[in-house]
Amino acid sequence: MRHPLVRSIVSLACAPLLALGAFAAAHAQDAKEPHAHGDKEIQADVQRHRAMAAAHEAAAKCLESGKGHDQCVKELQAACKGLAIGKYCGMKHQH
């Protein structure tokens with residue numbers, strides 16, 4: 001019989017792989033069945049993208065004005081509230 005610690009380590013090592021497999025299977029199913037978007041949903045997406053683009057343009061102008069990175073990120077977050085996922089309005093890049 002194996003040592004209980006070895007079984008625990010093996011179980012812990014396998015858990016992320018099992019979760020990753022389940023995620024991959026679910027994602028593959030979504031890819032097979034694309035969600036149909038009607039004109040109304042497409043127009044809503046267009047408006048969201050334009051609003052995000054405007055927020056990012058404003059952030060660029062903010063940085064050009066010399067306000068500083070932290071202030072411009074705060075303004076970007078305020079402009080994007082409810083628009084995009086994450087605190088960088090759907091876009092994060094390296095510094």
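Mentor: A crossing of two helices is right-handed if the near helix is turned clockwise from the far one by less than a right angle, and left-handed if anticlockwise. Keep that in mind for this predicted model.

Trainee: Does α2 pass α3 in a left-handed or a right-handed crossing?

Mentor: Helix α2 covers residues 39–65, and helix α3 covers residues 69–80. The crossing of α2 past α3 comes out right-handed.

Trainee: In what order do the elements of the chain run from the N terminus?

Mentor: The chain has three helices and zero strands. From the N terminus, the order is therefore α-α-α.

Trainee: Is α2 roughly parallel or roughly antiparallel to α3?

Mentor: The two helices pack at an angle of about 160°, and their axes lie 9 Å apart. Angles over 145 degrees count as roughly antiparallel. So α2 and α3 are roughly antiparallel.

Trainee: How many charged residues are in the contact of α2 with α3?

Mentor: From α2 come Ala55, His56, Ala59, Cys62 and Leu63. From α3 come His69, Cys72, Glu75, Leu76, Ala79 and Cys80. By class, eight are nonpolar and two are polar. The charged count is one.

Trainee: Is Ala55 buried or exposed?

Mentor: Ala55 sits in helix α2. The relative accessibility of Ala55 is 6%. Buried means under 20%. Ala55 is therefore buried.

Trainee: Which residues does Ala55 contact, leaving aside neighbours within four places in sequence?

Mentor: Ala55 belongs to the α2 side of the contact with α3. Its C-alpha atom is 6.0 Å from that of Leu76, though the two residues are 21 apart in sequence. With close sequence neighbours left aside, the partners of Ala55 are Leu76, Ala79, Cys80 and Cys89.

Trainee: What is the C-alpha separation of Gln77 and Ala59?

Mentor: Gln77 is in helix α3. The relative accessible area of Gln77 is 31%, so Gln77 is partly exposed. Ala59 is one of the α2 residues in the contact with α3. Gln77 and Ala59 are 18 residues apart along the chain, and their C-alpha atoms are separated by 9.6 Å.

Trainee: How far apart in space are Gln47 and Leu83, C-alpha to C-alpha?

Mentor: Gln47 is part of helix α2. Its relative accessible area is 46%, which makes Gln47 partly exposed. In sequence, Gln47 and Leu83 are 36 residues apart. In space, their C-alpha distance is 9.9 Å.

Trainee: What share of the accessible surface belongs to carbon and sulfur atoms?

Mentor: Buried residues make up 9% of the 95 residues in the chain. The accessible surface comes to about 8,000 Å². The carbon and sulfur share of that surface is 62%.

Methods: Residues numbered from 1 in each chain as written. Predicted model: local features only at pLDDT ≥ 70, side-chain atom pairs only at ≥ 80, totals over all residues. Heavy atoms only, no water. Helix = DSSP H or I, 4+ residues; strand = E, 2+ residues; numbered from the N terminus. Buried < 20%, exposed > 50% of the residue type's maximum accessible area, 1.4 Å probe, protein only. Areas by Shrake-Rupley, 256 points an atom, 1.4 Å probe, with all protein chains shown as cover. Axes fitted to C-alpha atoms, helices over the stretch in contact; angles between N-to-C directions. Parallel < 35°, antiparallel > 145°, perpendicular 65-115°, else oblique. Contact = heavy atoms within 4.5 Å. Nonpolar A, V, L, I, M, F, W, Y, C, P; charged D, E, K, R; others polar.
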